[in-house]
Amino acid sequence: MLFKSKIKWFALVTLLVSSVSLLVHLHLARYSSGDIVQVRSTSFLNDDFTLKFGKHTLRYKKLWGDIKSLEFVQPFANPRSTYPLPNEKNNGFIYAKIYGGFEKIQSAIADLVAVARLLNATLVIPEIQESGRAKGISSKFKSFSYLYDEEQFVAALANDVLVVRKLPQNLQDARKRKKFSTFSPKNSATPDFYIRNVLPKLKKSNVIGLLISEGGILQSILPSAMSEYQRLRCRVAFHALHFRSEIRDLGLRIVERLRAFNQPFLVFHPGLVRDTLAYHGCAELFQDVHTELIQYRRDQMIKQGIIHEALSVESHFRRKNGSCPLMPEEVGLLLRAMGYPSNTVVYIAGSETYGGERVLIPLRAMFANLVDRTSLCSAKELSDLVGPETPLPSDLLKSPQAKSEKELVEEWKKASPRPRPLPPPPARPIYRHEKEGWYGWVAEADHEPDPSPADLRLKAHRLLWDALDYIVSVEADAFFPGFNNDGSGWPDFSSLVMGHRLYVTASVRTYRPDRKTLIGLFDDIKEHMYYPKRNWTFFVREHLNKSLNEDGLMIASQLSKPNLFLSHPLPECSCRTSGWIKTTRPIMGSPSDLLYRSLDECPEWMQRGLEMVSNKDTNMEGEVADESESLEDDAVTEEQPESNQGGAPPEADDEMDPDD
């Protein structure tokens with residue numbers, strides 16, 4: 001009995017111990033899971049930084065804050081020397097036609113005004129052929145006014161060049177009879193070319209015509225003695241060229257709707273344009289019929305003498321050389337590596353993204369708030385911007401007219417001897433999409449057909465869409481180009497936006513990535529697929545952060561400016577405030593020293609105004625900083641350093657690298 005009772009007591013004790021142990025483990029598991037949930041919740045709030053952090057916290061400043069070292073660069077395109085006013089008794093009139101898309105028009109007009117000033121001539125408001133060739137577009141807007149505000153253009157240039165809306169009647173008649181000379185100057189034409197070749201013709205006939213097709217008619221870098229002409233370019237591009245009120249109002253409404261997300265937004269311009277891809281031989285970036293379409297276009301450009309290379313090139317080597325655009329999924333990885341959360345508002349700019357929505361799917365998977373003008377504007381708003389247009393022909397071809405019985409009998413008599421084969425079955429209707437676009441010719445013709453009325457109208461509409469996106473891109477909190485400074489010599493959308501942002505507010509976040517360097521980093525991932533280097537993100541951040549400051553500006557001045565002055569209007573169109581020496585303490589020969597010493601000092605009236613604005617902003621920042629100081633201190637511990645002064649990455653990669 002005693003033994004049996006001992007067994008019972010032992011079983012009871014064991015049961016009690018097991019129960020206590022189970023309760024302890026359950027309690028520990030609950031505590032641990034609570035920590036995990038809490039950590040995940042905190043991580044989510046960190047992603048949604050606008051809810052937890054204000055504009056004055058460290059995390060916000062690293063992603064969206066202005067570049068402090070560039071706050072001393074201010075826009076100043078006013079004349080600096082003796083600048084006589086234009087006179088009606090000049091050498092004559094200049095009449096121009098501009099061919100090409102938005103980028104070429106924007107750049108060409110600035111060059112055209114500078115040439116008119118150089119030749120002491122009166123400028124006739126140029127014609128935009130991209131809209132003039134389209135049939136049936138709104139008669140409400142004619143050529144230049146289809147895109148720009150004529151009144152603003154004339155008024156803003158009153159002290160620089162005389163501008164008229166049309167030629168005098170006698171010269172209009174001479175133009176119809178082609179009695180005056182016309183020139184097609186190259187994008188890199190020198191001032192000496194106009195003085196020697198164009199000016200004598202202008203004085204003789206009192207009028208000349210210019211045909212502009214390469215996006216410009218004057219070389220980008222001019223002699224130092226012609227700095228006033230560079231500043232004139234800036235006044236044209238950044239002050240005189242205002243979009244018409246309908247475009248400007250809708251563009252600002254898009255910006256307001258983006259601000260309604262209650263967080264900053266980033267603009268990404270992919271730069272996937274068919275002509276550019278064909279020029280650089282980037283067809284193999286795509287894996288379907290788009291490759292054939294790019295090759296067709298490249299073959300056409302070779303026959304036109306635009307390209308002097310072979311039709312088939314190795315796109316892989318072009319991509320490694322930085323001659324091809326970054327694909328959207330690559331840009332998504334770069335932005336995530338920089339620390340931008342998945343709910344960041346990303347606006348896709350550009351009227352043409354070759355490959356369509358399909359190439360944006362990986363980027364949309366990384367950033368759910370991926371928007372564009374079609375998602376932020378209603379169909380009515382976009383149609384009102386275009387204006388009333390004449391309908392295009394019907395999509396279906398008209399059926400042949402039925403033949404009479406007499407005609408059928410006559411055909412029967414004239415037919416070949418009997419017995420006759422059965423007639424072919426009746427042809428099905430041919431739809432419009434089968435005879436226009438690549439559907440009708442890609443597999444049947446050796447060359448691309450002439451553009452259809454629908455294609456010409458689409459090109460005119462793209463001017464409006466690019467103008468909208470240009471407004472949004474200039475106003476964005478951050479801008480990232482997918483393809484700029486491609487080396488073709490043509491103006492590109494991203495370069496124009498980067499130059500405009502640099503002029504208006506140099507300290508705003510504008511990334512200037514080196515595609516060759518970034519492609520090398522992506523290739524490193526492919527080579528070390530299973531053992532990637534742990535400091536890859538560090539190298540990406542280091543490169544992109546350097547592209548934001550003086551280092552990026554100095555590189556851009558060497559690469560971008562020789563091709564397009566408006567992409568880098570420094571130092572001619574800017575000045576520096578006097579506080580840069582006290583604050584930055586530049587080292588002799590450093591990028592900061594080279595940048596600021598090349599700039600003129602801002603006039604006193606401008607510096608006094610800037611100081612007043614700065615004092616107001618400082619007082620407001622102090623009030624907000626007191627409220628968010630505790631949150632900022634917590635955020636500091638979570639941040640990773642952007643750069644390492646010692647030159648070595650913070651992680652020890654020797655243990656992870658299989659090649660060592």
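# Chat about a predicted model

Colleague: How many aromatic pairs does a search of the whole structure find?

Modeller: The search turns up 19 aromatic pairs. Keep in mind that this is a predicted model.

Colleague: Give me one. How are the rings of Phe102 and Phe243 arranged?

Modeller: Their centres are 6.0 Å apart. The planes meet at 35°, so the pair is tilted.

Colleague: Where do Phe102 and Phe243 lie?

Modeller: Phe102 is in helix α4, residues 102–118. Phe243 is in the loop between α9 and α10. The pair therefore ties together parts that are 141 residues apart in sequence.

Colleague: Are Phe102 and Phe243 buried or exposed?

Modeller: Both Phe102 and Phe243 are buried.

Colleague: And Tyr279 with Trp490, how are those rings set?

Modeller: The centres of Tyr279 and Trp490 are 5.0 Å apart, with the planes at 50°, so this pair is tilted. Tyr279 lies in helix α11, and Trp490 in the loop between β11 (478–481) and α21 (493–504). That links parts 211 residues apart in sequence.

Colleague: Buried or partly exposed, that Tyr279?

Modeller: Tyr279 is partly exposed, at 23% relative accessibility. Trp490 is partly exposed too, with a relative accessible area of 22%.

Colleague: What lies over the face of Trp490?

Modeller: Lys104 does, at 4.9 Å from the ring centre.

Colleague: And which charged end sits over the ring of Tyr83?

Modeller: That of Arg235, 5.3 Å from the centre of the Tyr83 ring.

Colleague: Back to the rings. Which residues form one aromatic cluster?

Modeller: Phe102, Phe144, Tyr148, Phe153, Phe243, Tyr470 and Phe493.

Colleague: New topic. How many disulfides does the structure hold?

Modeller: Three disulfides. Counting bonded cysteines along the chain, the pattern is 1-4, 2-3, 5-6.

Colleague: Which cysteine is joined to Cys234?

Modeller: Cys573, with an S to S distance of 1.9 Å. Cys234 lies in helix α9 (residues 227–240), and Cys573 in the loop between α24 (550–559) and β13 (574–576), so the pair ties together parts that are 339 residues apart in sequence.

Colleague: Why is the disulfide of Cys234 and Cys573 called right-handed?

Modeller: Because the torsion about its S-S bond is about 85°.

Colleague: Is Cys234 buried or exposed?

Modeller: Cys234 counts as buried, at 0% relative accessibility. Cys573 is also at 0% and counts as buried.

Colleague: What about Cys282, which cysteine does it bond with?

Modeller: Cys324, with the sulfur atoms 2.0 Å apart. The torsion about that S-S bond is about -95°, so this disulfide is left-handed.

Colleague: Where do Cys282 and Cys324 lie?

Modeller: In two loops. Cys282 is in the loop between α11 (274–280) and α12 (289–303). Cys324 is in the loop between α13 (315–320) and α14 (328–338). These parts are 42 residues apart in sequence. Cys282 is buried, with a relative accessible area of 0%, and Cys324 is buried at 2%.

Colleague: And what about Cys575 and Cys602?

Modeller: They form a disulfide with sulfur atoms 2.0 Å apart. The link is right-handed, with 95° about the S-S bond. Cys575 lies in strand β13, and Cys602 in the loop between β14 (600–601) and α27 (604–636), so the pair ties together parts 27 residues apart in sequence. Both Cys575 and Cys602 are buried.

Colleague: On to helix α23. How far apart are its end C-alpha atoms?

Modeller: They are 19 Å apart. At 1.5 Å a residue, the 13 residues of α23 (residues 536–548) should span 18 Å, which agrees.

Colleague: Which residues of α23 are buried?

Modeller: Trp536, Phe538, Val540, His543, Leu544, Asn545, Ser547 and Leu548.

Colleague: What covers the buried residues of α23?

Modeller: The cover includes α14, β11, β12 (509–510), α22 (515–527) and α24.

Colleague: Last thing. What is the mean pLDDT of the chain?

Modeller: The mean is 82, and 79% of the residues reach 70 or more.

Colleague: Where does pLDDT stay under 50?

Modeller: Over residues 29–52, for one, where the model has 22 contacts beyond four places in sequence. Over residues 627–660 the pLDDT is below 50 as well. That stretch has 39 contacts in the model beyond near neighbours in sequence. Where pLDDT is low, the predicted coordinates should not be read in detail.

Conventions. Residues are numbered from 1 along each chain as its sequence is written. This is a predicted model: local features need pLDDT of at least 70, side-chain atom pairs count only at pLDDT 80 or more; totals for chains, interfaces and linings use all residues. Side-chain values use heavy atoms; hydrogens and water are left out. A disulfide is a pair of cysteine sulfur atoms within 2.5 Å. Helices (H or I, at least four residues) and strands (E, at least two) are DSSP runs, numbered from the N terminus. Buried means under 20% relative accessible area, exposed over 50%, partly exposed in between (1.4 Å probe, protein chains only). Rings of Phe, Tyr and Trp (its six-membered ring) pair if their centres lie within 6.5 Å; planes under 30 degrees apart count as stacked, over 60 as edge-to-face and the rest as tilted. A charge sits over a ring if NZ of Lys or CZ of Arg is within 6 Å of the ring centre and within 35 degrees of the ring normal. pLDDT is the predictor's confidence in each residue, from 0 to 100. Contact means heavy atoms within 4.5 Å. The expected span of a helix is 1.5 Å times one less than its number of residues.
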